[in-house]
Amino acid sequence: MTEHARITTLRAELRDDTGFVAIPTPRLTWQVGTDERDWVQASVDLTDGVETVTIDGAESALVAWPFRPLAAGDARDVAVRVRALSGTETAWSEPLRVEAGFLAEGEWVAAPIGLADPDREAQPALVRTTFTLDRPLRRALLFWTALGVAEPQLNGTAVSDDVLSPGWTAYRDRLVHETVDVTGLVREGENILGATIAGAWYTERYGFFTFTNRLYGTQPSFLAQLRVEFEDGSVETVAATDASWQACGDGPVVDSGIYPGEHQDLRRVIHGWSSPGTGQETVAEPVEASDPGPAQDSDPSTSSGIAQSSGAASAGWSPARVGAAALPGYEAVPVPEARIAPPVRRIQTLSVADVIATPSGGRILDFGQNLVGRLRVRARGEAGTRVVIRHAEVLEDGELGIRPLRNAKATATFDLSGGADLLESRFSFYGFRYAQIEGADIDPADVEAVVLHTDMTRTGWFDSSHEQLDRLHENVVWGMRGNFLSIPTDCPQRDERLGWTGDIQVFSPTASFLYDCDGFLTSWLRDLALEQARNDGEVPLVIPAALPAFGGVGPTAAWGDAATAVPTVLHDRFGDLGVLEAQYDSMRAWTDAVLRDAGHHGPWAGRMQLGDWLDPSAPPDKPGQAKVDGDIVATAYLAQSLRQVADAARLLGLDEDAETYGALAERSRAAFVSHYVTPAGRMMSDAPTAYALALEFDLVTEPELRQALSDRLAALVREGGYRIATGFVGTPLVTDALTAGGHLAEAERLLLQTECPSWLYPVTMGATTVWERWDSLLPDGSVNPGEMTSFNHYALGAVADWLHRTVAGLAPDAPGYRRLRIAPRPLASLSHASARHLTPYGEASVSWRRDGGELVVTAVVPANTTAIVALPSTDAELEVGSGSHEWRVPAAAAAPRAPLPGLDASLADVIDDPRAYRALLDTLRAFDPDRAEAVRAETQWGAGRTLRSALMFTPPPVLDDVDRAVRDATAQPA
C-alpha cells in the first residue's frame, strides 16, 4: 500500500448529488488520485458491508454492480480499494451510502389528487393530510410526484430544496417520482404532509400565434406516499394520496404558468397549514373527479394566466378530487419511476449590476448576464399593494424588449401582505437580463436574480489569450445552463421552451464536455423513445411531444437523428454502454422509419426538411431557406445514423444487425456521393454546409476527392469574407472540416471574425449568451424583425467542442476518455489556450503557450488512462501513461505577407491580409459609408478576381486613393 494512491471519488450510477439510485443494480465509478506515473489498475476489491468481491482488470467507470441487487428500502455502504499493475494498493475508500430510491413492483398506491371544484383552469392549490405514527420509527422515505409541479412540506418544513419538481416528462407514458429521506421530519404522534401544487408544463397551452391549447390536463395533481420502517422491523405505507386528503384553492399562489408567469397574493398565506396542532376544519364526504374543470378561464381578463384577487379571505379546505384532471388521450397515469437525473435547483444569485433610466420614465435593473431563473425581492408596503415584475433579454429603444417573447407574458405579480415580504416566483421561470419592477419603490440592493437549472456537475473549462473568444465560450456555458432545465430546451424565455431535438443533436458533444449531463440526457432519451413508439418510429420534432399539430410532417433529418446521435455521444464521452443498450431499439426504429420514407434507391429525397436551419442568408421570416439543398442534409444524416446503428449493434454483440445496417449505411453513403458530389470535387449545392457534411460524416472516402472538397470549402469561406455561412447543421462541422483538410488558418479567421454574421459578432454587441440567429440583434442595435428571435439558444455554440478538442487539444480517443487524444492546433492569433475536463477517470487537462520560437505543451493524464499525443510541427504520434507531461516543439513561423499591387491585387489576397482589407474599407467609408458597406457585404473574395473588378463605377479619384492605401498598408512585411 502507498500513501500516494487513494480513492478520491466513488459514486453509484449517474448521479453524485444523492445516494439514492433508480435501479436495483447501480453501476459503480471510482477515481484514483496518485503521484505515481503510468498508474494502471490491476484489480479492485468492492464491499457493500455484506459481501466482498474482487474483480480483475482496469475498468473503473460504470462497472457492473457485483452484489446482490438492492430491494426497495435497502441501503448499503459501498467501499472500494484498488491495486495497480505496479503492485501498489490504496486503502479502502470512505463508504458510499447507496440507497434504493425506488419502490417494489406493485408498491405504488398513491392516486392523483387536487382541487375538486376549481374556480378556473390550471388553478394552484394546497393539499394535505394528517397521519399518526404510533411507535418509534427507524426510517421514513417520501415518494412523490405530480402532474404539474409541487413543493411538499412535512410538519411545516419543506422536504427538499428542489425547484419545479418533478419536471417535465412524456406524461402519457412516464412520470418521475422524487425520493426524499424525511426521517428527521416525522415524529411519533400526529403529522401533517402537505404540498403546494401548480400546473406548470402539465396545464400549459402549447402552440404558436393564436393556435394554442392545453394538451395534457386542466388542473394539477399531486401523488405521494410515505414508506415508514419502524424500530420493530415492520414497514408500512402511510399518507398515500387518496380520498382522505384535503385541498384548498385559497393559498398565496393565485395563478401560475410557464409562459404567463405567476401571481402571488401574500395576504393569503395560511400560517401553519402544514403543521400539526393548527386545527383543521371538519370535512365532508370525499369527492371523485369527473369533470376536469371549466373549458375556459373563468374571467376573460385573466387570459394571461393571472387571476385577480380580492385580498385576504378565510381558507376553505374541502375533500380533494381523486383522479387526474386530464384531457382526452392523457387519462391514463403511468406508475411513476425513480428519478435518474438531478433535479432543478437554485444554483446561484446575481446582484443588480446597473440601474437604467428609461425614456418613458421607468427604471430597469440590469443584472449584467442573460440568465434563466427569477427575481428574489425584499419588499415592504401596504397590504394589497401590487408589485409587477416584467422581464426581457434585451432593451429596444431604451425599454424592455418584449416583442421576442411573443405570447409569453413572463410577468411576476405580487400583492403585498402588509409586512416584510420576500417575493420570488415558485412555479415559473423567466429568461432575462433586464427586469422592471413597478408598483413599489424597491431598493436595487434588495433585489437579486436567482439562477435556476438542472443541478449538473460542471466538468469542462476553456481558456485562451483572446478575451472575446473566452467570452464566447462563457456565453456557450450560460446558454447551456439556461436551457438545461428539466429537459434540453431551445430557448427559456418565449412561448416555446420546448425540447427541440435538432438543437440537442448538434450540441450534445459540447454539453458533454461542459457538464456531467449523462443522467440528464439519458432521462430525456427515455421520453424520446416513448414518444417515438407512439409515432411509428418517427421522432417528433420536440420531446416531450407537446406540438401534436406538427406530427404530420413526417421524419425530419437532423432533428429525428437525435435518436441515434445523442446516445452515440453519451457512449463516446461518458463510456456509457448502458445508454446504447437502452436506446438501441429507438435508434433502429428511427432509421427504419426513414428507410420506409426514403425508399430503396439510396438517397433520402423529396421530403420537406428543416435543413440547415437559420442559414444566415435565409430571410428573417423563412429560416429554413438555406443555401444547401434539404435532400443533401437528409441523405447525409441517413447515412450517418445508419452507421451509428451499425456501430451500436457491434458494441452490443448484435452481429447480424451490425452487418445489415452497415451495408445500408454504405449504400446511403455511395448514393450521397453519386447524387451530390461531382468527380471534380464540387457539391451539387455549392454551400459550406454541403462540404462540411460530406467531409465530417466521412461520406467521401477517396483521399484526392476529399482534399478537393476541403479546398473548395476553404475557398467558399474566403469568398464569403470569413463570415459564417452555415446554420444549425453546418455550424458544428465547418471548423472541423477545414482543420482536417489542412485549412486551420481559414478556420481561425472564421472563428475570430467579428463582422456580422459570425460567432464573435454577438460578443461585440454585448451578448452574454449564444443567440438563436446570427443577427438576433442587428448592427444598429434593433431586434431582428423575424417573428422568431431568441437571445438564449445554445445550438450555434456547438463550435465550443472544436475549441476543446482542437484549439486546446483535449479529446477522447476511446469511450469515456479511457484513452485521451492530446492534439492541440494552436491558432496564430493566440499566445496560449487550455482545456480542462473532469473525465470519468479524473481530471484531464491540456494547455499550450508560446515561449519565444517554441510551443510549450503541458498535459495531465488521469490515473488508469493513457493518451495518444500528436504535437504540432511533428508527424509522429506517441502514447503516454498517467501523470503530468510537458513537451517543447518548434512553433510554426508565420508566413510572410508580400506587398500587394493595389487595385491589381486579387480579392483573395486582400481579404487574407487584414491590413489591406482595413485600408480598403476605411478609404471607401471616407468617401461613401454605404458604398463601403456594400463592398464589405456583397463582394466575393475569390482568387480569380481583382480588387479593381469589385470597385466598378467608383470615381477615379477614389480608385486612386484605394490603390494607394492598399499599397501603403502592405508595403512592409508582416
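In this predicted model, Thr556 touches Leu541, Asp561, Trp590, Trp604, Gln609 and Leu610, when residues up to four places away in sequence are not counted. Thr556 is placed in the loop between α4 (518-533) and α5 (562-574), and because its relative accessible area is 2%, under the 20% limit, this residue is classed as buried. Between the C-alpha atoms of Thr556 and Ser360, which are 196 residues apart in sequence, the separation in space is 46 Å.

The largest nonpolar core comprises 211 residues, among which Trp201 and Phe484 touch the most other members; helix α7 (residues 630-651) provides the largest share of this core, with 12 residues. The contacts of Phe484, again without residues up to four places away in sequence, include Met456, Ile504, Phe507, Phe520, Leu521 and Tyr794. A second core, separate and made of 32 residues, has Phe131, Ala140, Val186 and Ala195 among its members.

For the second largest cavity, the volume is about 100 Å³, and Trp759, Pro762, Val770, Trp771 and Trp774 are the closest to its centre of the 13 lining residues. At least two residues of this lining come from each of α2 (467-483) and α13 (761-764), and the lining divides into eight nonpolar residues, four polar and one charged.

Conventions:
Residues are numbered from 1 along each chain as its sequence is written. This is a predicted model: local features need pLDDT of at least 70, side-chain atom pairs count only at pLDDT 80 or more; totals for chains, interfaces and linings use all residues. Side-chain values use heavy atoms; hydrogens and water are left out. A nonpolar core is a set of buried Ala, Val, Leu, Ile, Met, Phe, Trp, Tyr and Cys residues joined through side-chain atoms within 4.5 Å. Buried means under 20% relative accessible area, exposed over 50%, partly exposed in between (1.4 Å probe, protein chains only). Helices (H or I, at least four residues) and strands (E, at least two) are DSSP runs, numbered from the N terminus. Contact means heavy atoms within 4.5 Å. On a 1 Å grid over the protein atoms alone, a cavity is a set of points where a 1.4 Å probe fits but cannot get out, and a pocket is an open set with protein on both sides within 12 Å along at least five of seven lines; lining residues have an atom within 4 Å of a point. Grid points are joined across faces, edges and corners, and a volume is the space filled by probe spheres set on the points. Ala, Val, Leu, Ile, Met, Phe, Trp, Tyr, Cys and Pro count as nonpolar, Asp, Glu, Lys and Arg as charged, and the others, Gly among them, as polar.
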